[in-house]
Amino acid sequence: MASALTEKLSRLVKQISGQARITESNVADMLREVRMALLEADVALPVVRDFIARVKDKALGQEVMGSLKPGQALVGIVNRELAATMGEGVADLNLATQPPAVILMAGLQGAGKTTTTAKLARHLITKRKKKVLTVSADVYRPAAIEQLKTVSAQAGAEWFPSTPDQKPVDIARAALDYAKKHYFDVLLVDTAGRLAIDEALMREITELHAVLNPVETLFVVDAMQGQDAANTAKAFKEALPLTGIILTKTDGDSRGGAALSVRAITGAPIKFAGTSEKIDGLEVFDAERHAGRILGMGDIVALVEQVAAGVDMAQAQKLAAKVKSGASFDLEDFLSQIQQVKQMGGLSSLLDKLPTQMAAKASEADLSRAEREIARKQGIIHSMTPLERKKPELIKASRKRRIAAGAGVQVQDVNRLLKEFEQMQDMMKKMQGGGLMKLMKRMGG
Ligand code: GDP
């Protein structure tokens, strides 16, 4: 794993701390690090050059907002520019045509075309309620036709038979004819794989394109391909009017720089990302999330979503209303907060999503200790009577001894919990007036 950009930048930030602006002199060092990070993520060199020039333009002279240091601000600029370059928002499949809408799949052998054809069929059937037909025009590998048959069945799509002795354009015509006669909404056409760019095969797919007149021509590319992805993309773009890209194998350990190269070179939007070998391993491409990955910042967006989903909004609102009304924050409320942390899938699942350099600081041992600590706190509060939970000030020495014995802990553990509770109570008082709700809203989106 390449060392993360944010870590390098924070080192630079230390050197230039105190400066409130991104200037010509401090930006040069930082951009060198960004450039290295992009190259390590396997973004093609010309794409990196272009990108750095754009970031430099945007960054120079920017006031550094609030408490952000120049290094952090630059990471923000780079991240936004990366996301913008890879496409803002989401681009779903275009089916706006007289049915059947034809989707032509193109790409190198092994990129994941056949698997992705079935994944797309599944997506169209389940999410968009379409009637889908698949066909393979790969007459060079008999196994390819059989493979499509198998995965189409898994997807619940009808498969149109073809054989290796047919001509690809004849297969295409026959399938299109059948799709029309039987009122299919979509025809997905898988094509022959190429190990490398090959002129005869390029001609063949161009002919297929002419016969089929597809509404979508999708270039399927392996995210692990790195630098080669750029050359492949260039060749396919020259042969075909690409309308979209599908990036496969994003579950691999590549930093995914291919996305940036392929998008920059073809100009076509990245529509989907393959996330596993399974039939449902396809997600609508999320440029911002992918930008974080290229920069090595971890899946922060996913983390925020998980936190937002884990927070029980009804509970949070109740708590906020209570705080606002001036009612006291009691141990019941404290308990419900502790439980929310657990609902979020535990600390270790949150930690998986953090940038590596942050995650590295917390060892496995730290984690299980933290999780044990949560369980211990719950145990202590559960040993209290309802009255004690409402009025913690009642808890004096003898009650503490009883609670400690009930929870199987020491009296000092009970003291520690009460202390922590008091701090939280203080914080809640300070938040009166809607601060908490604002925080929750931000997390909930
Ligand atoms: P084709 O030659 O382009 O048709 O490629 P295939 O569809 O046969 O896929 C090649 C290999 O990549 C197969 O083993 C697939 O299971 C695997 N594959 C395809 N997409 C993904 C993906 O998104 N993630 C993972 N992990 N494997 C994938």
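A residue is called buried here if 20 or more other C-beta atoms lie within 10 Å of its own, exposed if 12 or fewer do, and partly exposed in between, with C-beta atoms placed from the backbone. The model is predicted, so local features are taken only where pLDDT is at least 70 and side-chain atom pairs only at pLDDT 80 or more, while totals for chains, interfaces and linings use all residues. Residue numbers start from 1 along each chain as its sequence is written.

The chain holds 21 helices and 8 strands, taken as DSSP runs numbered from the N terminus (H or I, at least four residues, for helices; E, at least two, for strands). Contacts are counted when the C-beta atoms of two residues, placed from the backbone, lie within 7 Å. Of the contacts between residues at least 6 apart in sequence, 78% join residues at least 24 apart.

Now for the sheet. Two strands are said to pair if DSSP finds at least two bridges between them. The 8 strands make an open sheet with mixed pairing, in the order S3-S2-S4-S1-S5-S6-S7-S8. Its edges are strand S3 (158-160) and strand S8 (282-284), each of which pairs on one side only. From one strand to the next, the twist averages 25°; angles run from 0 to 180 degrees between N-to-C directions, and axes are lines fitted to C-alpha atoms, for helices over the stretch in contact.

Strand S1 (residues 101-106) has 6 of its 6 residues buried, so it is largely enclosed by the rest of the structure. Both of its faces are covered, with Ala-101, Ile-103 and Met-105 buried on one side and Val-102, Leu-104 and Ala-106 buried on the other. S1 runs parallel to strand S4 (residues 186-190), the two being paired over 4 bridges, and Ala-101 has Val-186 as its bridge partner there. The pairing of S1 with strand S5 (residues 216-222) is also parallel, over 4 bridges, with Leu-104 opposite Thr-217.

In helix H10 (residues 257-266), 8 of the 10 residues are buried, so the helix is largely enclosed by the rest of the structure. Among those buried are Gly-257, Leu-260, Val-262 and Arg-263. Just after H10, Gly-267 adopts a positive phi of about 75°.

Asn-213 has phi near 45° and lies in the loop between helix H8 (199-212) and S5. With 10 other C-beta atoms within 10 Å, Asn-213 is exposed too.

Back in helix H4, where Ile-77 is placed, that residue has 19 C-beta neighbours inside 10 Å and so counts as partly exposed. Setting aside residues up to four places away in sequence, Ile-77 touches Val-55, Lys-58 and Ala-59. Ile-77 and Lys-58 are 19 residues apart along the chain, yet their C-alpha atoms are separated by 7.5 Å.

Of the 17 residues around the ligand, Gly-112, Lys-113, Thr-114, Thr-115 and Gly-274 come nearest. Helix H5 (residues 113-126) supplies the largest share of the shell, 3 residues. By type, the shell divides into 1 nonpolar, 12 polar and 4 charged residues, where Ala, Val, Leu, Ile, Met, Phe, Trp, Tyr, Cys and Pro count as nonpolar, Asp, Glu, Lys and Arg as charged, and the others, Gly among them, as polar.

Terms used:
Near = placed C-beta within 6 Å.
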